[in-house]
Every structure is written in C-alpha cells, then in structure tokens.
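Open the model in a viewer and keep the selection panel at hand. The stops below say what to select and what is there.

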Amino acid sequence: MGAATAVLPMEAGLTLAPAGVLLYPARGPLPDHETVVHLDIARRIADLLDLPFEGTFDPGIHGGKPYYFVPSGTIVGPELKQRLGLHDEMSLFGGYCEHAFMPTKAISHGLVDASSAHPPGWSHEFETLSREAVLPGYTAFSLEDFLVAGKRLLRDGPLRVKPVEATAGRGQIVVPDLHELNRAADTLDRDRLSRCGVVLERHLDEVITYSVGQVRFPGLTASYIGTQSLTQDNDGIEVYGGSTLQFARGNYEALLALPLPQDYRAAVKLAQIYDRAAGICYPSFFASRRNYDVAAGYDQRGNRHVGVLEQSWRIGGASRAEIAALEVMHADPACQQLKAATLELYGTSAVPPAHAIETFSGQDPDLGPIRKYVMVESYGYT
C-alpha cells in the first residue's frame, strides 16, 4: 500500500509522544509466516504514525522511553504494563488485560455454578451481561465441572471441546455422547485445566463465521464486519483461510449506518454487547484492536444459534486487511467506507486473485508451504 501521504495527529489521544514503534514478543516463538506479516504491519503502523520503526523491544536500548508497541499477543498483567510504559489503548496495537484468562476463549462462557473452580479475578457478572451474545456453553477449570458441563450440553445434542488458547480452529473435537465425553476427559491435563480452563460449547453445523471489529489510532478509527472463509491446510484439515471485510470510518454506529444485510447487523450488535460487558466487568482492560468472531449455525435439532465465539485483543489474521483499510482512509480523508480482504493458501497449486498483494510465501516447518495475501477490493464515499 505504501506509506501514508499525511501523518496522524499525535496529540489526538496519545498520552506521551512515543519515540518510535517497536515489536514486542508477547507470545511465541512465532512461525515464520506470522513473524513476517507482523513485521510488515509494524512498519506500516510506523508510517501511519510518522514514527521511526526501531525493531524488537530491547530493554537495554529502549527502556525508560515511551514507545508505541505492536505486541504479538495481548499484554497481560500490571507489571508488564508498567515495564513497557503502557497507559491506554493509544500506546499499542492490541490490548491489555489484567488476568491471563481474559484474552482466551475461557472468558466467553460462564461456569456450571457459582461455586465452581475459577482463577483469581474471574467475573461472574460477565456471564450475566454477555449471555445473550454467546452460544450455549460452559468454561470448566476442573475435571468435575468438565463432566457436569458436558452432560448438560449433551442433553440437546453434540458439543465441541475447545482448547482456550488454540487458534484457527485447531485442537477442537466434537463429542457426540457420554462415552466420547469420558474419553475426552481422560486426555485432559489436570494441572493445565486448573490454570487455563477448557470450553465446552454447542456444536453447530452449516456454520458461517463473521468477523466484527474495530481499530483505533490517534485521529482515525475504523469499524468492520465481514465473513471468514475456511480452507484445507496441507494435511487436509479445515482451518482459517482469510476474511473479507466491509469497513466504515468511525465507530460501530457508523458501520451500522451502512446498508448492511440483516445478518451482518445482528453480528455487529452481538459483538457490541460482548465488548461492553468486557469493559464493565474488567475495568482495567483496554484495547485499540478489537476483533470478535461471531458464529451462526444449526444444532442437531435444527435450531439456529448465533453468538460470539471468542475475542482477539491482539494482532490477528485480519490485521493486514485492517492496516490496508486504514492506509487508504488516511491517505484519502473523503473515503468513508471500503472493502478489504486477507487470503491464506496452503500448498503451491492454488492461484490467488490477480490484484492480491503477497505478504508471505514460504515453507513453515509445521504447516508446510503457505502463502498469505491482502487485497483492497473496493472503496467509496458516503
């Protein structure tokens, strides 16, 4: 996309003028395809903010000065927040949470009852405020609660067991009956279960997954809604294959002012409920990049369910499209909406669209050959 033609006003939100933009390894080590894309995004953010890009955080070099961070994961804990000098959402591309369970799938569901095992900082109120926005399900931090939750869900059909930290749909299993529930229980590491938890959720067929999100920079906010696609990886497993997103300049109200299909509008409103609940129940939380996966599908009895699957308060699979959209809007202040997309291809035979810009092509040691692309499909004015 190239560098922006004009810089964002740094006074419009930043507490202290940062000395530059830095990557921060908040999780990892990352595979090469993520590392390359994160580096590209960080450099483009530096161009948007008219700041130098200074590589990866080194406390010996960068300590004691304010920086704008692009972390690979959500920043967790007040100690790290203080060490990096993060003050608010304008300090980073991503988010900050006080507790380690918050940026995982665990937060999306309540416990089997109020006395169930849970980590310090857990909010029972979040379940109450977000209940209408999520699918039927539970989070369990003990084997006993896992079995109770599973038996409850199985009364109405198959369930899905989801590792709370996995991405791209990996590691999930479908449990159709009590026998398979017990088998799944036998595979759980009790220590990890007590620390991280596991999600049990209604299994759906004919699923459409929507991506709803918002990105906030000094002087520029964009909100979006779109759908995710699935593709087969090199082992024939269905995984995340990219997102096609409709962007609007401004907040969710600006997005809802567009002539969106009804299912898009419903997904945005569910994400808003979830987002508001997080802010109310976890007041120390802040994020400049907020992404919510919203699934719609049918259970075994033919009932349709729609709900937020999980949140991403960090750089993610759709972030290259987010940055491409912001670059266009920043370069052209008259642009109020546009469409942008990401695409992920496995193997070497699939041909990308002619207008796609390649952001990575290589051999991942675990996944095999993978290629990634970004596209600005169209833009217009309202």
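Select Phe141: at 3% relative accessibility it counts as buried, buried being under 20% relative accessible area, exposed over 50% and partly exposed in between, with a 1.4 Å probe and protein chains only. This is a predicted model in which local features need pLDDT of at least 70 and side-chain atom pairs count only at pLDDT 80 or more, while totals for chains, interfaces and linings use all residues. Residues are numbered from 1 along each chain as its sequence is written, and side-chain values use heavy atoms, with hydrogens and water left out.

Stay with aromatic rings. Rings of Phe, Tyr and Trp (for Trp, the six-membered ring) pair if their centres lie within 6.5 Å; planes under 30 degrees apart count as stacked, over 60 as edge-to-face and the rest as tilted. By this rule there are 15 aromatic pairs. Select Tyr24 and Phe57: the ring centres are 5.8 Å apart and the planes stand at 55°, so this pair is tilted. Tyr24 is in strand S1 (residues 21-24) and Phe57 in the loop between strand S2 (53-56) and helix H2 (59-62), so the pair ties together parts 33 residues apart in sequence. Helices (H or I, at least four residues) and strands (E, at least two) are DSSP runs numbered from the N terminus. Tyr24 and Phe57 are both buried.

Trp122 has a relative accessible area of 11% and is buried. To see the cluster formed by ring pairs, select Phe101, Trp122, Phe126, Phe141, Tyr274, Tyr282 and Tyr292.

Next is Pro136, in the loop between H4 and S6. Pro136 is partly exposed, with a relative accessible area of 31%. Show Gly307 as well: the C-alpha atoms of Pro136 and Gly307 are separated by 8.5 Å, although the two residues are 171 apart along the chain.

Select Ser91, in the loop between helix H3 (78-84) and strand S5 (95-97). Ser91 has 8% relative accessibility and counts as buried. What does the side chain of Ser91 reach? The backbone nitrogen of His87, at 3.1 Å.

Helix H1 (residues 32-49) has 18 residues and spans 26 Å from first C-alpha to last, close to the 26 Å expected at 1.5 Å a residue; the expected span is 1.5 Å times one less than the number of residues. Its buried residues include His33, Glu34, Val37, His38 and Ile41. Just after H1, Asp50 takes a positive phi of about 55°. Helix H10 (residues 319-331) is mostly covered, with 12 of its 13 residues buried; among them are Arg320, Glu322 and Glu327.

Finish at the second largest pocket, whose volume is about 300 Å³. Of its 16 lining residues, Pro163, Leu188, Arg192, Gly197 and Val198 lie nearest its centre. Strand S7 (159-163) and helix H7 (190-196) each supply at least two lining residues, and H7 gives the most, with 3.

How values were computed:
1 Å grid on protein atoms, 1.4 Å probe; cavity = no way out; pocket = protein on both sides within 12 Å on 5 of 7 lines; lining within 4 Å. Points joined across faces, edges and corners; volume = space filled by probe spheres on them. Polar contact = N/O pair within 3.5 Å; in protein donor to acceptor, adjacent residues only side chain to side chain.
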